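Take a moment with the sequence and the 3D view below.

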Amino acid sequence: RGSSSGSKAFSSSSSTEKSRNKKLMTASEIKAHEIKKWAPLRDLSLPFESIKFQLLIGAIMSKQTQFTIVCKAIRTMKENSCLCKDGKSLDAAAFSMFDEVELRRMIRFVHYNKQKAKHIIQTAKMIMSRFRGQVPTLRDQLMRLPGIGPMLANLVRNVTPSKSECTAEEIVEA
């Protein structure tokens, strides 16, 4: 009796291990999956800093919010002439001078919009004051930004294209 129940437990645990192994992905597979998911915000035709900033504010808004809602919020921001002069690219300078209450109204459909609007404005101001307008690329620097923890810092680093990717895309289009 004891050995038969033991063998059942063993076989079920080995099948559990197999299913766990199927679900595990390598770091490169995770990165490829994240890049594919975040592709709508990785528009390589935009200036490099704009791509990085757009991905950063997308990451801030992504906590507890569906990705489709994040994309809708980014589109709404791009429609605002104060935040997006050319209708395509978002930058930290415009956000650092923007009214937090107005941003909150703009992203009202995003969960926790009050806190996220506050984090986006504070992040833009930090980027302008501490990082000379450049979105940081190092994990510890990203984690100093409001609303960015270890997981989001890794996400931003994984989905941000390299400068050479952007340059190569621009050369092809020219």
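Which residue just after H3 takes a positive phi? Gln-64 does, with a phi of about 60°. Bear in mind that this is a predicted model.

**The helix itself**

H3 covers residues 48–62. From first C-alpha to last, H3 reaches 21 Å, close to the 21 Å expected at 1.5 Å a residue. H3 is mostly covered, with 14 of its 15 residues buried.

**H3 in the core**

The largest nonpolar core holds 43 residues. Phe-53, Met-61, Met-77, Phe-95 and Leu-103 have the most contacts inside this core. Several helices each supply at least two of the core residues, including H3 and those in this table.

| Helix | Residues |
|---|---|
| H4 | 67–79 |
| H5 | 92–96 |
| H6 | 100–106 |
| H7 | 113–130 |
| H9 | 150–159 |

H3 gives the largest share of this core, eight residues. In soluble globular proteins, nonpolar side chains tend to be buried together.

Look at Phe-53. Leaving aside neighbours within four places in sequence, Phe-53 is in contact with Leu-90, Asp-91, Ala-92, Phe-95, Ala-124, Ile-127 and Val-135.

**H3 against H7**

How do these two helices pack? The axes of H3 and H7 come within 9 Å and cross at roughly 150°. Angles over 145 degrees count as roughly antiparallel, so H3 is roughly antiparallel to H7. Their crossing is right-handed.

On the H3 side, Phe-53, Leu-56, Ile-57, Ile-60 and Met-61 make the meeting. Their partners in H7 are Lys-116, His-119, Ile-120, Thr-123, Ala-124 and Ile-127.

Terms used. Residues numbered from 1 in each chain as written. Predicted model: local features only at pLDDT ≥ 70, side-chain atom pairs only at ≥ 80, totals over all residues. Heavy atoms only, no water. Helix = DSSP H or I, 4+ residues; strand = E, 2+ residues; numbered from the N terminus. Expected span 1.5 Å × (residues − 1). Buried < 20%, exposed > 50% of the residue type's maximum accessible area, 1.4 Å probe, protein only. Core = buried A, V, L, I, M, F, W, Y, C linked by side-chain atoms within 4.5 Å. Contact = heavy atoms within 4.5 Å. Axes fitted to C-alpha atoms, helices over the stretch in contact; angles between N-to-C directions. Parallel < 35°, antiparallel > 145°, perpendicular 65-115°, else oblique. Left-handed = near helix turned anticlockwise from the far one by under 90°.
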